[in-house]
Amino acid sequence: MEARYGASEIEEKWQRIWEEEGTYEASEDPSRKKYYILEMFPYPSGKIHMGHVRNYSIGDVVARFKAMQGYNVLHPMGWDAFGLPAENAAIQNRSHPAKWTYENMDYMRVQLKKMGFSYDWSREIATCHPAYYRWEQLIFTKMFEKGLVYKKTSSVNWCENCQTVLANEQVSAEGECWRCDSKVVDKSLEQWFFKITEYAEELLEFTDKLPGWPEKVLAMQRNWIGKSLGAEIDFRVDGSDEVINVFTTRPDTLFGVTFMSLAPEHPMVNELSRGTKQEAAVGAFVAKMKATDKASRTDESKEKEGVFTGGYVINPVNGEKVPVYTANFVLMDYGTGAVMAVPAHDQRDFEFARACDIPVKVVIQPEDEILDPAAMEAAYVEPGIMAGSGRFDGMKSIDAKEAITSHLETEKAGKGTVNYRLRDWGISRQRYWGTPIPIIHCDKCGAVPVPENQLPVALPEDINFDAKTLSPLAAVESFVNTTCPTCGSAAKRETDTMDTFVESSWYYSRYASPRHALAPVDKEKADYWLPVDQYIGGVEHAVMHLLYARFFHKVLRDLGMVSGDEPFKNLLTQGMVCMESNRCEEHGWLAPEEVDEGKCIKCGKAAIAGRTEKMSKSKKNVVDPDHLIKDYGADTARLFSLFAAPPEKDLEWSEAGVEGAYRFLSKIWRLVHESLADIKSVEAFSGGIPQGDAKNLRRKTHQTIRKVTGDVGERFHFNTAISAVMELVNSMGQFKLAAEEDKAVFREAIEAVILLLAPFVPHFSEELWELLGKEGRVANTAWPEFDKAAAVEDEMTIAVQVNGKVREKLLLAAATSEEDVKAAALADEKVLRFIDGAEILKLIYVPKRLVNIVVAK
């Protein structure tokens with residue numbers, strides 16, 4: 001019989017069967033325990049890459065494993081289809097972004113199906129389809145009615161290259177756009193905001209109620225939310241009724257304020273400088289700061305810059321007149337955009353004060369010394385004893401925080417408060433390819449939400465990307481001009497679209513009822529499927545998508561659309577797929593196929609090997625999965641991506657690793673075919689205790705079932721699970737089919753290998769299962785259970801150490817007690833020679849592994 005493993009024909013066959021039989025279509029069944037597995041859905045950029053293959057293979061293993069364990073599994077797929085690349089491609093190619101997007105979805109859908117992923121394609125969604133975003137618009141209007149949406153003029157993060165606004169979470173630590181890496185600048189625009197800060201405390205609180213999430217992600221969210229306890233303090237502007245409000249976590253230092261710092265964007269900056277000799281200098285500084293990214297402004301290593309505004313405020317506790325500066329290190333994004341500066345007790349303020357020759361006033365002294373402001377080389381930031389603070393002198397500074405706050409409240413000059421680093425989510429985008437914001441602007445009625453019966457507000461198809469308007473939609477008169485739904489007067493539609501992170505903030509809930517035509521979510525179905533039991537995606541989404549989705553779920557809960565407090569019960573953040581990059585001095589980055597024997601095939605010059613890094617189209621170090629499928633098969637690609645590294649670690653691409661995975665599958669293929677005549681008519685061994693080598697193979701089989709079950713189901717250690725199956729296959733290769741009992745045990749081992757590998761290589765397993773004459777599909781077959789008695793070792797090997805060095809290995813019965821193991825070690829002649837009559841100080845026993853005899857030297 002032909003023993004060559006031909007992946008292409010097998011995979012095409014089973015993909016066709018699965019689709020015809022609807023194998024992976026899910027429906028609610030209250031009698032069964034559900035399991036909702038979801039990978040972050042892709043942006044339809046054109047082709048899937050190995051990062052997709054790895055991410056989706058991880059999810060597919062879990063989905064198939066849970067289905068074989070009897071769970072009712074939901075495993076959907078869709079498209080995060082709005083976004084800048086489609087619009088930019090449309091501009092470049094003079095086509096419509098919808099055409100580019102839908103063509104890419106069609107191509108990528110074919111690729112994903114070729115990989116054999118167990119998706120329920122009947123639930124496929126595309127966020128750019130009006131049938132999806134009409135419900136997003138309804139959610140927006142409901143949030144508007146609850147006061148969770150508002151519009152204001154604000155300083156925003158602006159990407160000139162993308163021509164749009166970015167949320168704080170979309171700006172890198174280097175001050176660059178998360179998508180195109182261009183420098184981000186400040187710009188003042190009217191923007192729509194979601195009031196995520198209304199949920200700040202609950203979002204923070206529930207980071208302690210997500211035990212299935214990586215602590216690293218939870219820590220990132222806690223830091224981003226940034227809860228601070230402190231006080232809000234009112235400083236009256238000198239010669240005016242105006243008040244500047246500051247937030248501080250150190251009210252105990254209030255008597256030490258020697259200046260105030262305002263963010264350059266603070267509205268009082270221009271007010272204070274207007275008409276003074278500082279007006280020109282302030283204007284120039286503000287203009288300079290608008291062109292400087294926030295990351296540079298807050299970089300601790302950068303010089304602290306600022307100018308005097310010409311104005312003063314009055315310290316509410318001592319009446320002192322305090323100069324007001326505007327400084328580069330103060331941002332409007334935190335607190336109130338105003339900082340009471342205490343250079344003696346804040347390092348940043350100290351550096352600024354020294355640079356600008358501003359006085360330093362000590363109001364907290366260490367318990368064991370007296371600080372001299374003139375001699376200080378750095379701020380004193382530790383707790384201490386209050387000084388120079390009136391009635392509070394002599395108090396411990398920790399106690400003075402509460403006392404001074406209470407005094408401010410009594411004098412109506414401030415109050416204790418909680419502050420969050422988290423800012424409201426700016427969702428306005430000045431682009432076409434996004435969900436239109438469903439608001440109508442009426443001169444009489446103001447901002448009016450579009451009524452539900454007029455949704456969706458669909459994107460117009462006749463779009464002109466050459467129009468010289470801030471937003472492309474503003475140039476489409478047929479879209480803009482409308483009537484007010486409240487009074488019937490002529491009115492205009494909002495022309496901004498929503499941040500594309502809005503679509504991905506609730507898509508997981510739409511999968512529960514993707515064709516529901518009465519509401520965003522069928523609550524009864526959502527109550528069955530939600531929350532997502534296992535969510536899988538990149539850690540780079542920790543403070544964007546994952547935080548937004550948590551916020552949205554709580555909003556949907558409060559709108560009565562879903563139940564529960566959190567969207568994702570468990571989270572796995574998988575590592576990246578990395579590959580060595582190559583560069584030619586003349587032709588730049590080179591694809592793998594453009595390098596031959598270390599040289600660029602275009603010019604013959606040396607190809608310079610770069611560092612191993614994330615696969616990237618710009619670096620041309622990507623591997624096309626289509627090539628792998630054609631040469632090796634989808635199952636090989638899946639197996640390699642799961643075996644080469646644990647899911648949470650980065651995977652380094654290796655062609656040799658792919659070939660190794662293919663050889664392993666070919667080995668099993670040959671093993672089955674070569675033994676088929678002996679085992680096809682034999683039932684798998686199911687009871688009793690076989691003898692000799694058969695007993696050993698059966699033990700290995702059930703030990704492997706036990707290990708793979710734990711590695712896949714409890715730890716997601718797919719690489720060690722595959723390794724365990726490899727060990728079993730190696731044992732089977734040495735096994736002789738002599739007696740009928742041998743054949744039955746071997747048959748049991750073969751069936752176990754097929755079932756254990758089924759989540760990893762589903763086409764391969766289905767084909768061999770059918771070849772064995774088994775009825776039904778592997779996908780619907782129960783996961784194998786290990787026989788505890790069969791898995792027990794008869795013997796164990798104990799290493800015997802003398803003072804930490806292995807001197808002998810003892811083969812003992814597995815049931816030998818600790819006392820008997822120690823006795824055997826002390827009785828061994830070889831061990832006794834190394835003890836050589838020395839005093840035995842201690843005996844250390846590690847169960848079933850070793851005895852360490854510690855002797856006097």
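1. Strand 19 (residues 439-442) and strand 20 run antiparallel and are joined by 4 bridges. Within that pairing, Ile 440 has Val 448 of strand 20 as its bridge partner. Strands here are DSSP runs of E with at least two residues, helices are runs of H or I with at least four, and both are numbered from the N terminus. Two strands pair if DSSP finds at least two bridges between them.

2. Before going further: this is a predicted model, where local features need pLDDT of at least 70 and side-chain atom pairs count only at pLDDT 80 or more, while totals for chains, interfaces and linings use all residues. Residues are numbered from 1 along each chain as its sequence is written, and side-chain values use heavy atoms, with hydrogens and water left out.

3. Two hairpins to look at. In one, 8 bridges join strand 32 (residues 795-802) to strand 33 (residues 805-813), and the two run antiparallel. Ile 798 sits opposite Leu 810 of strand 33. There are 2 residues between the strands, and Asn 803 takes a positive phi near 50 degrees.

4. In the other, strand 34 (residues 840-846) runs antiparallel to strand 35 (residues 850-855), with 6 bridges joining them. Tyr 845 has Val 851 of strand 35 as its bridge partner. This hairpin has 3 residues between its strands, and Lys 848 in the turn shows a positive phi of about 65 degrees.

5. How do helix 19 and helix 23 pack? Helix 19 (residues 655-679) and helix 23 (residues 762-771) meet at an angle of about 5 degrees, with their axes 11 Å apart. Axes are lines fitted to C-alpha atoms, for helices over the stretch in contact, and angles run from 0 to 180 degrees between N-to-C directions. That angle makes helix 19 roughly parallel to helix 23; the cut-offs are under 35 degrees for roughly parallel, over 145 for roughly antiparallel, 65 to 115 for roughly perpendicular, and oblique for the rest. By class, the contact has 8 nonpolar, 1 polar and 1 charged residues. Here Ala, Val, Leu, Ile, Met, Phe, Trp, Tyr, Cys and Pro count as nonpolar, Asp, Glu, Lys and Arg as charged, and the others, Gly among them, as polar.

6. Helix 20 (residues 692-715) and helix 21 (residues 718-733) pack at about 170 degrees, with axes 8 Å apart. That makes helix 20 roughly antiparallel to helix 21. The contact includes Lys 700 and Asp 711 of helix 20, plus Glu 727 and Met 732 of helix 21. Its residues divide into 9 nonpolar, 4 polar and 4 charged.

7. Last, the cavities. Searching the whole structure gives 2 cavities of 30 Å³ or more. A cavity is a set of points on a 1 Å grid over the protein atoms alone where a 1.4 Å probe fits but cannot get out, and lining residues have an atom within 4 Å of a point. The largest cavity has a volume of about 180 Å³. Its lining has 17 residues, with Gly 83, Leu 84, Arg 429, Asp 499 and Thr 500 nearest its centre. Strand 6 gives the largest share of that lining, 3 residues.

Methods:
On a 1 Å grid over the protein atoms alone, a cavity is a set of points where a 1.4 Å probe fits but cannot get out, and a pocket is an open set with protein on both sides within 12 Å along at least five of seven lines; lining residues have an atom within 4 Å of a point. Grid points are joined across faces, edges and corners, and a volume is the space filled by probe spheres set on the points. Contact means heavy atoms within 4.5 Å.
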